[in-house]
Amino acid sequence: NGSLKRLNLDYVDCIQVHNVTELNHVLMPGLHEAFQAAKQQGKVRFLGAACHDGLRCELLSKAILTGHFDTILVSFNFSDYEHASIPRLLALAHKHDVGVICMKAQQNNARIAGLTDGKDSIRQANLKWVLSKDIASVVSSMNTFELLEEDIAASGQPLRPADVKLVSRYAEAINKDYCRGCRQTCEPGCPGNVAIADTLRYSRYFRHYGRREHARELYRNLPSDRNVSNCVACGQCAAKCKFGLPVTDKLREAQRLMG
């Protein structure tokens, strides 16, 4: 009720369960009871679930199969499309008439000389690539009118071979910098219990998205027992990373930037 008043609206189209990281987040009865009550009162129309966890395909597939969700918001892009079993998730959503919204379409948003400063737009190529995957919409961060116009220009345009080549070259360039968030690989067994995937995602917000204060806030809100200060630099996380990221170095960098 407070949100509707602040928004000056009678209802919202969709409420999303944000940051799903465990099955209970989409199964708890109280959630669905509250949503149904709000829907019956005409305050909301649809229910969604949002997830960029390493287990997002498993968690969102379970959400779809409950029959309670109308939409899913899922992170995927060229760099982690196959790795995260996204094709099977999209097919399941399509089968059950669940709308799919994509986030993190820009891979890691880093500026790469020769790729992000050329006449062809990597931003548009990334957008066209994800839009070619039979999804409903893309959440795209636009903080200038120039970015707004660039994104609109990509909408409805065909994906060209040149676009695929560009996003592929970009993915190769960021390969050793981009954490895919598959925390189930690196975090189990960490002596310091460090929130590795979340920390590296916040670091990406800080370094490449220009959201420095937001990144610092997210990082500082991590439980104290999951902070990088607990890292003993054993190197297990780097050894386990299937993409070869220098994880320990990146954690230290994150602590220096946001701590």
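This is a predicted model: local features need pLDDT of at least 70, side-chain atom pairs count only at pLDDT 80 or more; totals for chains, interfaces and linings use all residues.
Biologist: Let's begin with helices α4 and α5. At what angle do they pack, and what is that arrangement called?

Modeller: Helices here are DSSP runs (H or I, at least four residues) and strands are too (E, at least two), numbered from the N terminus. Axes are lines fitted to C-alpha atoms, for helices over the stretch in contact, and angles run from 0 to 180 degrees between N-to-C directions. Helix α4 (residues 56-66) and helix α5 (residues 86-95) have axes 10 Å apart and an angle of about 10 degrees. That makes the pair roughly parallel (under 35 degrees; over 145 is roughly antiparallel, 65 to 115 roughly perpendicular and the rest oblique).

Biologist: Which residues of α5 does α4 meet?

Modeller: Contact means heavy atoms within 4.5 Å. By class, the contact of α4 with α5 has eight nonpolar, one polar and one charged residues (nonpolar: Ala, Val, Leu, Ile, Met, Phe, Trp, Tyr, Cys and Pro; charged: Asp, Glu, Lys and Arg; polar: the others, Gly among them). From α4 come Arg56, Cys57, Leu60, Ser61, Ile64 and Leu65, and on the α5 side they meet Ile86, Leu89, Leu92 and Ala93.

Biologist: Is Arg56 buried or exposed, and which side chain does it join in a polar contact?

Modeller: Arg56 sits in helix α4. Its relative accessible area is 2%, so Arg56 is buried (buried is under 20%, exposed over 50%, partly exposed in between, with a 1.4 Å probe and protein chains only). A polar contact is a pair of N or O atoms within 3.5 Å; within protein, one must be able to donate a hydrogen and the other to accept it, and residues adjacent in sequence count only if both atoms are side-chain atoms. At 2.9 Å, the side chain joined to that of Arg56 is Asp80.

Biologist: Which members of the largest nonpolar core touch the most other members?

Modeller: A nonpolar core is a set of buried Ala, Val, Leu, Ile, Met, Phe, Trp, Tyr and Cys residues joined through side-chain atoms within 4.5 Å. The largest one has 46 residues, and apart from it lies another core, of 25 residues, including Cys179 and Phe243. In the largest core, the members that touch the most others are Phe69, Ile72, Phe76, Ile86 and Leu89.

Biologist: Leu47 is in contact with Phe69. Where is Leu47 placed, and how far in space is it from Glu187?

Modeller: Leu47 belongs to strand β2 (residues 44-51). At a relative accessible area of 1%, Leu47 is buried. Leaving aside neighbours within four places in sequence, its contacts include Cys14, Phe35 and Thr71. Glu187 is 140 residues away in sequence, and the C-alpha to C-alpha distance is 31 Å.

Biologist: How many residues of helix α6 are buried, and what do they pack against?

Modeller: Helix α6 (residues 122-131) is mostly covered, with eight of its 10 residues buried. Trp129 and Lys128 are among them. At the start of α6, a side-chain oxygen of Ser121 comes within 3.4 Å of the backbone nitrogen of Arg123. The buried residues pack against β4, β5 (137-138), α7 (145-154) and α8 (161-174).

Biologist: What is the phi of Asp97, and is this residue buried or exposed?

Modeller: Most residues other than glycine have a negative phi. Asp97 lies in the loop between α5 and β4 (99-103). It is not a glycine, yet its phi is positive, at about 55 degrees. With a relative accessible area of 68%, Asp97 is exposed.

Biologist: Last one: which backbone oxygen does the side chain of Thr199 reach?

Modeller: Thr199 is in helix α10 and is buried, with a relative accessible area of 0%. Leaving aside neighbours within four places in sequence, Thr199 is in contact with residues including Tyr219, Leu222 and Met258. At 2.7 Å, its side chain reaches the backbone oxygen of Ala195.

Conventions:
Residues are numbered from 1 along each chain as its sequence is written. Side-chain values use heavy atoms; hydrogens and water are left out.
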